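I opened this notebook to record what I looked up, entry by entry.

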Amino acid sequence: MGWGAGGSCTPRPPIRQQPASETRVITVVFLGLLLDLLAFTLLLPLLPGLLESHSRAHDPLYGSWQRGVDWFAAAIGMPAEKKYNSVLFGGLIGSVFSALQFLSAPLTGAISDCLGRRPVMLLSLAGLASSYAVWAASGSFAAFLASRVIGGISKGNVSLSTAIVADLGSPPARSRGMAPSVTLGLQAAADLLSPLALLRFSTVARGQDPPSGDSLSHLRRLGLVYFLYLFLFSGLEYTLSFLAHQRFQFSSLQQGKMFFFIGLTMATIQGAYARRISPGREIAVVKRAILLLVPAFLLIGWGRTLPVLGLGLLLYSFAAAVVVPCLSSVVAGYGSPGQKGTVMGTLRSLGALARAVGPLAAASVYWLVGAPACFTVCSGLFLLPFLLLRTLPPLADTLKAE
């Protein structure tokens, strides 16, 4: 569903002259993420038709999922209309996909710290390619779900790409990652799968050469900000489809145009503005972007005309373009060179957990209390991550203090 919640952007590399080898690495990482994004977004416009075909075929597995969706829709008071059902069903599949990323991302990152980025990245890309092949050849709802499961488990390429870019300025990380250095024990595995342990970055804290007290505290605060932001953002982003159908009677084609406008705006902002943000200025930019989301979602939630909706989406797109890349860039600076995969995998896992539960929570609030109340309350809650960032010093100051 998400242009902004997914966070498929790598952190902006340092502004310095790059050797040819580093340029090649960044080019390969970019192309891998681009192809993955294009393949993933191919599914979005096709999903309603796929669900409709499985419904007409009376697929038994699809029928059992549909009964679950119908129960949830009745519980939150959603109208029993086909267009709303498709959005809710797609959201459920997206939540399952994100839940699998939540489980796999930290494990993938930790393993890459042991075995090296390249073999784990190749394995992730092979898994993603397999998932798209299974989807293309699927003739049943079970095969379609299998493709989503394989894709969710293999979706560690984004956090790995971030770790690879972070490694470029740290030669020891590349040599250290080529051979196993630690064995994942039961405690480490539990830390990589527990939401509370992930929020505390417990695996990083217990690892070799862990961050100091202040650095670890700041890293944990950034992780909480990342989770809260994506929980609120992905939820409201998901309910945009409900609002566009309900208030403006958008067709599926018009919704596609709306999300195309969002994506085009984000790409323009990232190319013209986000990549030029000076090192050390990321947190200040994130704070301004989060504050912009308050009027953005108020305009979207209360607006009754297309110009008002468009203005809200413009502000929304600006925030979506810079928050996740900037936060990822800052977090990539924490941890020792041999911990970058674990750090970024943990961050990615927190984001996946937020995207798994945020849409369902927001959909419940949307239909229980209405669009204006839902968007107003969630807009106000964006002040929580802003306040958490308000007293956070730049990473350079933290490292200097150590």
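Entry 1. Which residues are linked in a network of salt bridges? I noted that the model is a predicted one. I then found that the network links Glu52, Arg56 and Lys82. My search of the whole structure gave three salt bridges.

Entry 2. I looked up the pair Glu52 and Arg56. Their salt bridge has its closest N and O atoms 3.7 Å apart. Both residues lie in helix α1, which covers residues 20–56. They are four residues apart, about one turn of the helix. I also checked accessibility. Arg56 has a relative accessibility of 57%, so I put it down as exposed, the cut-off being over 50%. Glu52 has a relative accessible area of 27% and is therefore partly exposed.

Entry 3. I followed Glu52 to its other partner. The side chains of Glu52 and Lys82 meet in a salt bridge at 3.5 Å, N to O. This pair links distant parts of the chain, with Glu52 in helix α1 and Lys82 in helix α3 (residues 82–115), 30 residues apart. Lys82 is exposed, because its relative accessible area is 59%.

Entry 4. I turned to Asp113 and Arg117. They form a salt bridge, and the closest N and O atoms are 2.7 Å apart. Are these two residues buried or exposed? I found both Asp113 and Arg117 buried.

Entry 5. Arg117 came up again when I looked at Leu160. With neighbours within four places in sequence left aside, Leu160 is in contact with Thr108, Ser112, Arg117, Val120, Met121 and Ser124. Leu160 is found in helix α6, residues 157–167. Its relative accessible area is 1%, so Leu160 counts as buried. I also took a distance to Arg118: C-alpha to C-alpha, Leu160 and Arg118 are 9.1 Å apart in space, while 42 residues separate them in sequence.

Entry 6. Last, I looked up a pair of helices. At what angle do helix α13 and helix α16 pack? I wrote down about 175°, with the axes 8 Å apart, for α13 (residues 282–302) and α16 (residues 371–381). An angle over 145 degrees counts as roughly antiparallel, so α13 is roughly antiparallel to α16.

Entry 7. I listed the residues that meet there. From α13 they are Leu293, Val294, Phe297, Leu298, Ile300, Gly301 and Trp302. From α16 they are Ala371, Pro372, Phe375, Thr376 and Ser379. I sorted the residues of this contact into nine nonpolar, three polar and no charged.

Key
Residues are numbered from 1 along each chain as its sequence is written. This is a predicted model: local features need pLDDT of at least 70, side-chain atom pairs count only at pLDDT 80 or more; totals for chains, interfaces and linings use all residues. Side-chain values use heavy atoms; hydrogens and water are left out. Helices (H or I, at least four residues) and strands (E, at least two) are DSSP runs, numbered from the N terminus. Buried means under 20% relative accessible area, exposed over 50%, partly exposed in between (1.4 Å probe, protein chains only). Contact means heavy atoms within 4.5 Å. Axes are lines fitted to C-alpha atoms, for helices over the stretch in contact, and angles run from 0 to 180 degrees between N-to-C directions. Angles under 35 degrees count as roughly parallel, over 145 as roughly antiparallel, 65 to 115 as roughly perpendicular and the rest as oblique. Ala, Val, Leu, Ile, Met, Phe, Trp, Tyr, Cys and Pro count as nonpolar, Asp, Glu, Lys and Arg as charged, and the others, Gly among them, as polar. A salt bridge is a side-chain nitrogen of Lys or Arg within 4 Å of a carboxyl oxygen of Asp or Glu.
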